[in-house]
Amino acid sequence: MAHTLSDDENVYVSRMPGEPVPGGAQAFAIEARALRKVYKASGSQPAKEALKGVDLAIPRGSIFALLGPNGAGKSTFINILAGLVLKTSGSASIWGFDIDVNPRQARASIGVVPQELNIDPFFTPAEVMEMQAGLYGVPKRERRTMEILKAMGLDDKADAYARTLSGGMRRRLLVAKAMVHNPPALILDEPTAGVDIELRRQLWDYVKGLHARGTTIVLTTHYLEEAEALCDTIAIIDKGQVVCCEPKEQLLARISDKRLIVRPASPATMLPAALAGMKAEIRPDGAISVQYNPAETSAMAILGALGAEGMEIRDISTEESDLEDVFMQLTSH
Ligand code: ADP
Ligand code: MG
């Protein structure tokens with residue numbers, strides 16, 4: 001992904017971490033209205049409507065997930081904000097700056113960590129940071145190269161060639177690079193795709209740290225687990241459309257079904273007649289799992305029916321539905 005900033009585009013806004021940023025009293029970090037993108041046909045490729053009128057308002061201070069399957073339009077959305085893809089119609093603003101009216105201020109207000117690990121192998125992290133700072137016009141005395149590298153756990157690699165860095169380190173270097181101009185919002189496009197579990201958790205911790213220190217975080221992901229573990233607000237995007245956008249807990253609460261797990265005194269070998277017609281199964285450990293809608297029946301009613309059938313119950317527990325269920329319902333994949 002190439003930079004679109006030229007030398008004369010000095011977009012740096014001098015600002016201490018946590019200091020309020022200009023852009024009016026608008027409450028949103030990012031706001032999109034009826035945002036559309038049609039990629040033109042080329043060669044044998046037909047035209048593609050990647051965004052079909054996206055409305056999205058991302059509150060300042062949030063840690064926000066744009067969740068959706070591959071091809072949903074996540075990168076297209078991010079790249080429009082980053083100034084790398086031209087929108088077809090609609091509007092978008094970043095920290096109150098319209099990307100058409102105030103493109104420089106808009107761009108100065110976000111740092112974008114791209115999906116691909118595009119780092120020149122012959123530069124060191126310190127050099128990468130200094131070049132980026134130069135590109136954004138950050139005055140020398142305000143540069144925080146070592147401070148940011150340290151925060152990303154890369155200070156001992158500051159002078160190593162990028163080609164000697166592991167995938168996880170490169171990803172962290174891209175995060176560091178995106179923070180050079182101290183933007184109030186950081187956007188990460190699939191930050192953990194292809195990153196192993198341990199590094200994924202490490203990266204989550206870094207991102208949480210940045211959020212705790214005041215940076216608004218937007219990340220795209222196709223991992224439900226990631227959105228659930230990291231984010232307070234989740235928008236689900238599918239086929240170029242936002243299918244829902246709400247606080248995580250609210251999203252989870254929308255799912256009505258619950259599961260009741262019953263452990264009989266002796267492991268079950270067949271389903272009790274009382275559960276005929278219900279979504280019930282025997283688990284490998286001999287427990288019985290019953291899916292039910294609390295609006296239609298209650299856990300007590302189910303237990304009562306089992307008791308009436310003579311089952312001796314040792315233990316019970318319930319499970320809530322997770323995001324996976326929500327996602328399936330909303331996108332019907
Ligand atoms: P995501 O990041 O959610 O996987 P993308 O925004 O990359 O989705 O892609 C959305 C759709 O637009 C896909 O169908 C993809 O093939 C198409 N697309 C993305 N970039 C281009 C492009 N440069 N030219 C044509 N089609 C594209
Ligand atoms: Mg993508």
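This is a predicted model: local features need pLDDT of at least 70, side-chain atom pairs count only at pLDDT 80 or more; totals for chains, interfaces and linings use all residues.
Residues are numbered from 1 along each chain as its sequence is written, chains are lettered from A and ligands numbered from 1 in the order in which they are written, and side-chain values use heavy atoms, with hydrogens and water left out.

Back to α3, which spans residues 125-135. Which of its residues are buried, meaning under 20% relative accessible area, with exposed being over 50% and partly exposed in between (1.4 Å probe, protein chains only)? They are Pro125, Ala126, Val128, Met129, Gln132, Ala133 and Leu135. The cover over them includes α4 (145-151) and α5 (167-178).

Thr145 is buried, with a relative accessible area of 12%. Contact here means heavy atoms within 4.5 Å. Setting aside neighbours within four places in sequence, Thr145 is in contact with Ala126, Met129 and Glu130.

Now please turn to strand β9, residues 233-238. Here 6 of the 6 residues are buried, so β9 is largely enclosed by the rest of the structure. In a regular strand the side chains alternate between the two faces of the sheet. You can follow that here: Thr233, Ala235 and Ile237 point one way, while Ile234, Ile236 and Asp238 point the other way.

Who are β9's partners? Two strands pair if DSSP finds at least two bridges between them. With β3 (residues 63-67), β9 pairs in the parallel sense over 4 bridges, and Leu66 stands opposite Ala235. With β10 (residues 241-247), β9 runs antiparallel, joined by 6 bridges; there the bridge partner of Ile234 is Glu246. The hairpin of β9 and β10 has 2 residues between the strands, and Lys239 takes a positive phi near 50 degrees in it.

Ile234 also brings us to the nonpolar cores. Such a core is a set of buried Ala, Val, Leu, Ile, Met, Phe, Trp, Tyr and Cys residues joined through side-chain atoms within 4.5 Å. In soluble globular proteins, nonpolar side chains tend to be buried together. The largest core in this model has 44 residues, and the members touching the most others are Leu173, Val175, Leu186, Leu188 and Ile234. Take Val175: beyond its neighbours within four places in sequence, this residue is in contact with Val113, Met152, Leu186, Leu188, Leu203 and Leu210. There is also a second, separate core of 28 residues, and Leu51, Leu66, Phe97 and Ala106 are among them.

Next, the ligands. Which protein atoms are donors to the magnesium ion, ligand 2? Ser75 (OG) and Gln115 (OE1) are, lying 2.1 to 2.4 Å from the ion. Donors are N, O and S atoms within 2.8 Å of the metal (3.2 Å for Na, K and Ca), and water is not among the atoms, so sites may look incomplete. Ser75 lies in helix α1 (residues 74-81) and Gln115 in the loop between β6 (110-113) and α3, so the pair ties together parts that are 40 residues apart in sequence. Ser75 is partly exposed at 22% relative accessibility, and Gln115 is partly exposed at 30%.

Ser75 is also one of the residues around ligand 1, together with others including Tyr39, Lys48 and Thr76; being around it takes a heavy atom within 4 Å. An oxygen atom of ligand 1 lies 2.7 Å from a backbone N or O atom of Gly71, and for Gly73 the corresponding distance is 3.0 Å. The side chain of Thr76 has an N or O atom 2.6 Å from an oxygen atom of this ligand.

One last stop: Thr192, in the loop between β7 (185-189) and α6 (197-212). Is Thr192 buried or exposed? Thr192 counts as buried, at 1% relative accessibility. Its side chain makes a polar contact (a pair of N or O atoms within 3.5 Å; within protein, one must be able to donate a hydrogen and the other to accept it, and residues adjacent in sequence count only if both atoms are side-chain atoms) with the side chain of Glu226, at 2.4 Å.
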